[in-house]
Amino acid sequence: LFRSPGLGSRVLLYRCLSKILPAALRDMGDWNGATRLKAISLVEILLVHAEDNATQHAEILLQALYKACQDEDGQVRDKVGKKNDCPFPSQSNCFRLQDD
């Protein structure tokens with residue numbers, strides 16, 4: 001069962017989100033596939049901690065996720081479009097942007 005991150009970590013991340021998220025989204029477009037995979041994992045963690053504070057970044061976030069869904073690396077596409085390890089129990093595919 002999913003538990004919300006602690007209040008301290010959410011507040012700390014909220015203060016730094018506008019600096020960290022754009023950098024992580026830039027890394028999602030890096031030439032190195034391993035860097036792109038790590039950046040996607042970081043963005044996922046940032047979104048879980050940011051909760052509703054991420055809405056102000058929705059435009060750049062959705063653009064980056066859309067580009068990642070079209071990545072030439074299958075691992076990157078699978079990581080963005082994953083279904084099985086979504087942190088939200090009520091949503092079976094929280095990062096899925098396209099239908100199968």
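This is a predicted model: local features need pLDDT of at least 70, side-chain atom pairs count only at pLDDT 80 or more; totals for chains, interfaces and linings use all residues.
Of the 100 residues, 32% count as buried.

**Confidence**

- The average pLDDT of the chain is 81, and 79% of the residues score at least 70.
- Among the elements, helix α2 (residues 33-50) has the highest mean pLDDT, at 92.
- The lowest mean pLDDT among the elements, 85, belongs to helix α4 (residues 74-80).
- Over residues 83-95 the pLDDT stays under 50. For this stretch the model has 24 contacts beyond four places in sequence.

**Contacts and nonpolar core**

- Taking contacts between residues at least 6 apart in sequence, 59% join residues at least 24 apart.
- In soluble globular proteins, nonpolar side chains tend to be buried together.
- The largest nonpolar core here has 20 residues. Leu25, Met28 and Val43 are the members that touch the most other members.
- Each of α1, α2, α3 and α4 supplies at least two residues of this core. The largest share, six residues, comes from α2.
- Leucine 25 touches Val43, Ile60, Leu61 and Ala64, when residues up to four places away in sequence are not counted.

- Side chains of opposite charge can pair when their charged atoms come close.
- The count of salt bridges in the model comes to four.
- One of them joins glutamate 51 and arginine 10, with the closest N and O atoms 3.3 Å apart.
- This pair links distant parts of the chain, 41 residues apart. Arginine 10 is in helix α1 (residues 7-27), and glutamate 51 is in the loop between α2 and α3 (58-69).
- Both partners are partly exposed: the relative accessible area is 36% for glutamate 51 and 22% for arginine 10.

**Salt bridges around Arg36**

- Arginine 36 forms a salt bridge with aspartate 71, and their closest N and O atoms are 3.0 Å apart.
- Arginine 36 counts as buried because its relative accessible area, 5%, is under the 20% cut-off.
- Aspartate 71 is also buried, at 9% relative accessibility.
- Glutamate 72 forms a salt bridge with arginine 36 as well, the closest N and O atoms being 3.7 Å apart.
- Glutamate 72 is in the loop between α3 and α4 and arginine 36 in helix α2, so the pair links distant parts of the chain, 36 residues apart.
- Glutamate 72 is exposed, with a relative accessible area of 66%.
- Through shared partners, salt bridges join Arg36, Asp71, Glu72 and Asp73 into one network.

Definitions and conventions. Residues are numbered from 1 along each chain as its sequence is written. Side-chain values use heavy atoms; hydrogens and water are left out. pLDDT is the predictor's confidence in each residue, from 0 to 100. Helices (H or I, at least four residues) and strands (E, at least two) are DSSP runs, numbered from the N terminus. Contact means heavy atoms within 4.5 Å. A salt bridge is a side-chain nitrogen of Lys or Arg within 4 Å of a carboxyl oxygen of Asp or Glu. Buried means under 20% relative accessible area, exposed over 50%, partly exposed in between (1.4 Å probe, protein chains only). A nonpolar core is a set of buried Ala, Val, Leu, Ile, Met, Phe, Trp, Tyr and Cys residues joined through side-chain atoms within 4.5 Å.
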